[in-house]
Amino acid sequence: MKRILPLVAALAFSAPAVAQTVDSQGAKQLSDSLARYFGKQAFDKGVLKVSVEGGAYKIAVDIKALVDALPEQKPLKFDLAPYALMVKPRSDGSWDVASDFSQSMSFEFNGPEGPQSMQLTVKDGKGTAVYDPSLAAFTSGASSIAGMTMTSREAKQQADVTAGAGTATIAATKSANGGVDFVATQKVSSFVETIKIEDPDTGMNFPLTLRTPELSVDANGKGMKTKPLLDLLAFAVANEDEARLKANQAELKTLLQAALPVWERIDGIYGFKDFEVESPVGKFGAKQFSTAFGMDGISQNGKFNYAIKASGLTIPQQTLPGWSVALLPTDVDLNFGGANIDLDTMAKKAIEAFDLNKNPPLSDEFGDALVADFLAKTPKFVLGHSTVKNGSIEVAMEGEMTFPGKKPDAIMTVDVAGYDKIVEVLQEGAKSDEQLAQAFPFALAVKGFGKTLPDGRLEWVINAKADGSVTVNGAMLKPADAVQDGGADADLNDGASQDDGSGENDNDGAGAKLQP
C-alpha cells in the first residue's frame, strides 16, 4: 500500500488541462498525457485506464494487473481491487478530483526467512481535492476514513495496527521564488500498534504495544519544484532504453539543474497525546510526545534539524535502583541537527561532470575531491538548546562540532539548576550502592569546575579541540596530544616507519614500533 498511494497521487499531479467538455476525445487526450509519465505499456497492460463516467473522467489504477505482468518473482498471493480517481475539468483550468479509497488488500510472498504476508483494510475512505495543472499541485483537498486495520506476519515478527476515524487536509499556493508552498495536516484517533518479536533460535520473546488516542501530523514546505520533478519523471519514461538515455544525457543534465534546489524548506511534526508503550520491563508514557524534523533544500548553506519533546514522562521503576527515581526526567526537549551544509556546489559539480558513457559515470578521484571540497566548507553538527527536567532540577545544554581535519573540534555549554539536589540524591544512594559510592567523588569534582551564574545555576563551557586538548571554563582539563616528529600524530596502523634517526624506532618490516 505504501507503493500504491504515491502512484495514485502522481496520477493526479500529472493530470493535464483538457477541454471542459467531458467526452471520449478528452479521455483519449488524458490517456496520452498520462502515458507521458507512466508509459504506454501501463495502458496496454491494463494497469491504467481512462473512461468517461457520469460527466467526469474515471482514472482506474489496477495494481494487480501490474503484478500479473511481472515476468518473474510474483507474490504467492495478491488481492487488491482497482483504485479509481474521478476527475473533472473546471472553468478556471483546474480539476475537481474525488476518490473512494475504501479498500481491502492482502498479499503473500516468500521472504528470506520464509512466507510473509500483509492484510490492510481501510473503511469508508473518501477524498476530494482541487488540482491546478499550472502549479502541478493540489490547491486544496480533504479526506477522511472511518477506521483502518493492518496485520503483517513474518517468520520471527508480527505486527497488528488498528486506528479509528481520521482526517487529512492539504493546500498549496504559488511560491514567491518559484515552485509551490504547501501545508498538510493529518489526524488519526485511537491508534494502537502491537509488535511481537519471537525468535526460537535465540529464545527472544519481546512483545511491544504502542498506543495513543490521537496521532497528528503537520507538515509545510516552501518552493517545492513540482513541475521540474514531473519533467524528470517524463524524461525517465521516455528514455527507459539505456542507449537512448546515454544519447540524451545533455537534456537530463538540464532537467536536473532545473529541479534544484528541489525545495527551499520542508518542516513537519508528529504529535502523540497520552502516548503509552507497554513492554516486558513495564509501561512508558508521556502526556505529550512529539518528534519534529526540518530540512533545507539543496543549497550552499543548508540546515537540517530534528527535535524530540516529551512532557509528563513516566518510566518503569521496577528495574531501577531506588535512589535513581528522584532523578528520572519528567520533561525532555532535545534539539539537534546540522548547519553550513553545501549540497548545492556538490550537486551542480556532479551534474556537470557525470558521463553515462563511462563506467562509472563519475570517477573515484572526482568523488574524493567532491567530498574533500564539502568538508572544507566546515559543515557543523549542532546541538540546539536542549533541556532535561525533573521538578527543581534542570539540565540544559547546547553546542556545535566541526571537523576541520580528521578530528572533531567541539564546544558545548552545560548549565544545571538544582545541582546540589543531584548531589544529595547521589550521596544518599552511595550509602547502599557500592558502584555509586565510587563514582560520587566525581560528582563533587565536576561541581568544582562549575561557574555559578547570577541565577544560581552552575555552568560548564567545555571546549574540545582537534589537537586533543580539553578545557572547562577556561581551565585546562587535558593538554593537547603530543605531536610526533614531522608535525603529525603517529599512525601505528599504517605500517610505515616512524624512524627519527635516533635508532630507537626500528621498523623490521612487521609494522612501525614506537619506543617511549
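Residues are numbered from 1 along each chain as its sequence is written. In this predicted model local features need pLDDT of at least 70, side-chain atom pairs count only at pLDDT 80 or more, totals for chains, interfaces and linings use all residues, and side-chain values use heavy atoms, with hydrogens and water left out.

Reader: Is Thr209 buried or exposed?
Author: Buried means under 20% relative accessible area, exposed over 50%, and partly exposed in between (1.4 Å probe, protein chains only). Thr209 has 13% relative accessibility, so Thr209 counts as buried.

Reader: Which strand holds Thr209, and which residues does Thr209 touch?
Author: Helices (H or I, at least four residues) and strands (E, at least two) are DSSP runs, numbered from the N terminus. Thr209 lies in strand E14, residues 204-224. Contact means heavy atoms within 4.5 Å. Not counting residues up to four places away in sequence, Thr209 touches Val192, Glu193, Thr194, Glu276, Val277 and Glu278.

Reader: Which residue in E7 stands opposite Met105?
Author: Two strands pair if DSSP finds at least two bridges between them. E6 and strand E7 (residues 114-123) pair in the antiparallel sense over nine bridges. They form a hairpin with two residues between them. Opposite Met105 stands Leu120.

Reader: Which residue in E6 does Phe78 stand opposite?
Author: Strand E3 (residues 77-80) and strand E6 (residues 103-111) pair in the antiparallel sense, over four bridges. Phe78 stands opposite Phe107.

Reader: What is the bridge partner of Ala142 in E12?
Author: Strand E9 (residues 137-145) and strand E12 (residues 166-174) run antiparallel, joined by six bridges. The partner of Ala142 is Thr169.

Reader: Which residue takes a positive phi in the hairpin of E12 and E13?
Author: E12 and strand E13 (residues 180-199) pair antiparallel over nine bridges. Ile170 has Ala184 in E13 as its bridge partner. The hairpin has five residues between the strands, and the one with a positive phi near 100° is Gly178.
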